[in-house]
Amino acid sequence: MQVQSDLFFQTPEEIYVRVYSEIRPASSKPAIQVSFCRFANANSHIKMQGNSIEVRMSDLLAAAPVPVLEALAWILLCKLFRKETPRIYTNRYRLYLNRHEVRSNLHLVRQQRGRKFVSGPEGDHYNLEILFEELNLQYFHGLMSRPQLGWSRKASRTMLGHFDPSHNAIILSKILDSAAVGEVAVRYVLYHEMLHLRYPVEHNGARRCVHTPAFKAEERKFEQWKEARQLLKKL
């Protein structure tokens, strides 16, 4: 029982050494340095140089229980050595991040520390403010408060748009601000992001549901839903 209780008083470095020994029992133990940094989110980073490993974690995790830090150690070290992380540790870590008080702290930190580039709604071909108000009137009875609207710095094909709740901003990919892209496609992407204001992410245990059944049902109400999706596939 003494050994079991001692596990709950291990330093972060001791946790990583122990997990490393379980993942690579035949290897010599490296020097491991763990530091907590003022990140704007819960991200963590790990890198190995020679016989030393450096771990940088968000200071939001400094007060996390030892089992949570152990779970993150498994996730990072398995990623470092390209091994599959046991599900018990990924679930444990997600459960912790999905706790209401943790999510509230993350939201507050993103607001205070995070920087959000918002170019403004006026693009070369489309004005997001005008499109927002038209969609707001058509689908939301004009009752949705307008968030910050802007275009991304880079013309991304993989992320056509996103809603940032911490900064109350909708950003669309600059690739959509083109005469070659039909307005219906731009309207659809903007409408999709507006639905994220109406249907926030739901958390259930370790699960995080971004597109709920209600969200998907509302999305299909977009008048030119099929046409818009076909246009976007061409991108």
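Which residue forms a salt bridge with Glu218, the closest N and O atoms being 2.9 Å apart? The residue is Lys221. The legends below refer to a predicted model.

**View 1. Salt bridges of Glu218 with Lys221 and Arg198.** In the bridge between Lys221 and Glu218, the closest N and O atoms are 2.9 Å apart. The side chain of Glu218 also meets that of Arg198 in a salt bridge, at 3.9 Å from N to O. Glu218 belongs to helix H8 (residues 213–219) and Arg198 to helix H7, so this pair ties together parts that are 20 residues apart in sequence. Glu218 counts as buried, its relative accessibility being 13%, whereas Arg198 is partly exposed at 43%.

**View 2. Salt bridge between Arg18 and Glu22.** The structure holds eleven salt bridges. In one of them, the side chains of Arg18 and Glu22 meet at 3.8 Å, N to O. Both residues lie in helix H2 (residues 12–23); because they are four residues apart there, about one helical turn separates them. Arg18 has a relative accessible area of 18% and is buried, while Glu22, at 44%, is partly exposed. Arg18 and Glu22 are also linked with Glu70 and Arg92 in a network of salt bridges.

**View 3. Stacked rings of Trp74 and Tyr89.** Eight aromatic pairs are counted in the model. For Trp74 and Tyr89, the ring centres are 4.7 Å apart and the planes stand at 5 degrees; planes under 30 degrees apart count as stacked, so this pair is stacked. Trp74 is part of helix H3 (residues 66–80) and Tyr89 of helix H4 (residues 87–97), so the contact ties together parts that are 15 residues apart in sequence. Trp74 and Tyr89 are both buried.

**View 4. Tilted rings of Tyr139 and Tyr191.** The ring centres of Tyr139 and Tyr191 lie 4.6 Å apart, and their planes form an angle of 45 degrees, so the pair is tilted. Tyr139 lies in helix H6 (residues 128–140) and Tyr191 in helix H7 (residues 183–198), so parts that are 52 residues apart in sequence are tied together. Tyr139 is buried at 16% relative accessibility, and Tyr191 is buried at 1%. Tyr139 and Tyr191 form one aromatic cluster with Phe140, Tyr188 and Phe222.

**View 5. Positive surface patch that includes Arg229.** Arg220, Lys226, Arg229 and Lys233 form this patch. Arg229 is located in helix H9 (residues 225–233). With a relative accessible area of 36%, Arg229 is partly exposed.

Definitions and conventions. Residues numbered from 1 in each chain as written. Predicted model: local features only at pLDDT ≥ 70, side-chain atom pairs only at ≥ 80, totals over all residues. Heavy atoms only, no water. Patch = residues over 30% accessible without salt bridge, like charges linked within 9 Å, V, L, I, M, F, W, Y side chains within 5 Å. Areas by Shrake-Rupley, 256 points an atom, 1.4 Å probe, with all protein chains shown as cover. Salt bridge = Lys/Arg side-chain N within 4 Å of Asp/Glu carboxyl O. Lys, Arg positive; Asp, Glu negative; His and termini not counted. Charge placed at Lys NZ, Arg CZ, Asp CG, Glu CD. Helix = DSSP H or I, 4+ residues; strand = E, 2+ residues; numbered from the N terminus. Buried < 20%, exposed > 50% of the residue type's maximum accessible area, 1.4 Å probe, protein only. Phe/Tyr/Trp six-rings, centres within 6.5 Å; stacked < 30°, edge-to-face > 60°.
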